[in-house]
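The sequence and the model are shown first, and the description follows.

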Amino acid sequence: MPHDEHGGVLEAFGRYTQAFQALDARAVAQHFHQPALFITPKEIVSLPTIEAVEQAYAGVMSDMPP
């Protein structure tokens, strides 16, 4: 059976996508390393902790329909 070198990456991206679609900021934040950068059209923000990532995504997700 051939080795799938991208399988782990695709699996991790799938979990990230599911967390984002569920609007679960806590689960999304678990996919980031510390510190992280949050890049928007308006600004670039340094997020020093997982909690800061969670808060940033919670803000973005609060504007999205459930």
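Ala58 is found in helix 3, where helices (H or I, at least four residues) and strands (E, at least two) are DSSP runs, numbered from the N terminus. Ala58 is partly exposed, with a relative accessible area of 37%; buried means under 20% relative accessible area, exposed over 50%, and partly exposed in between, with a 1.4 Å probe and protein chains only. From Ala58 to Ala29 the distance is 9.7 Å, C-alpha to C-alpha, and the two are 29 residues apart in sequence.

The model is predicted, so local features need pLDDT of at least 70 and side-chain atom pairs count only at pLDDT 80 or more, whereas totals for chains, interfaces and linings use all residues. Residues are numbered from 1 along each chain as its sequence is written, and side-chain values use heavy atoms, with hydrogens and water left out.

**Nonpolar core**

The largest nonpolar core has 13 residues, of which Val28, Phe38, Leu47, Val53, Tyr57 and Met61 touch the most other members. Helix 2, strand 1 and helix 3 are the elements that give two or more residues to this core, and helix 3 gives the most, with 6 residues. Such a core is a set of buried Ala, Val, Leu, Ile, Met, Phe, Trp, Tyr and Cys residues joined through side-chain atoms within 4.5 Å. Leaving aside residues up to four places away in sequence, Val53 touches Ala29, Phe32, Ala36 and Leu47, contact meaning heavy atoms within 4.5 Å.

**Salt bridges**

The whole structure holds 2 salt bridges, each defined as a side-chain nitrogen of Lys or Arg within 4 Å of a carboxyl oxygen of Asp or Glu.

| Salt bridge | N to O distance |
|---|---|
| Glu11 and Arg15 | 3.0 Å |
| Glu54 and Arg26 | 3.5 Å |

Glu54 lies in helix 3 (residues 50-62) and Arg26 in helix 2 (residues 25-29), so this pair ties together parts that are 28 residues apart in sequence. Glu54 is partly exposed at 21% relative accessibility, while Arg26 is exposed at 54%.

Glu11 and Arg15, by contrast, both belong to helix 1 (residues 7-21), where they are 4 residues apart, about one turn of the helix. Glu11 is exposed, with a relative accessible area of 52%, and Arg15 is partly exposed, at 42%.

Just after helix 1, Leu23 takes a positive phi of about 55°. Leu23 is a residue other than glycine and sits in the loop between helix 1 and helix 2. With a relative accessible area of 28%, Leu23 is partly exposed.

In the loop between helix 2 and strand 1 lies Pro35, which a cis peptide bond joins to Gln34, with omega about -10°.

**Surface patch**

Leu37, Ile39 and Ile44 form a nonpolar patch on the surface, with about 350 Å² of accessible area together. Leu37 lies in strand 1 (residues 36-39) and counts as exposed at 57% relative accessibility. Patches are made of residues with over 30% relative accessible area and no salt bridge; nonpolar side chains (Val, Leu, Ile, Met, Phe, Trp, Tyr) are joined within 5 Å, and like charges within 9 Å. Accessible areas come from the Shrake-Rupley method with a 1.4 Å probe, and for residues only the protein chains shown count as cover.
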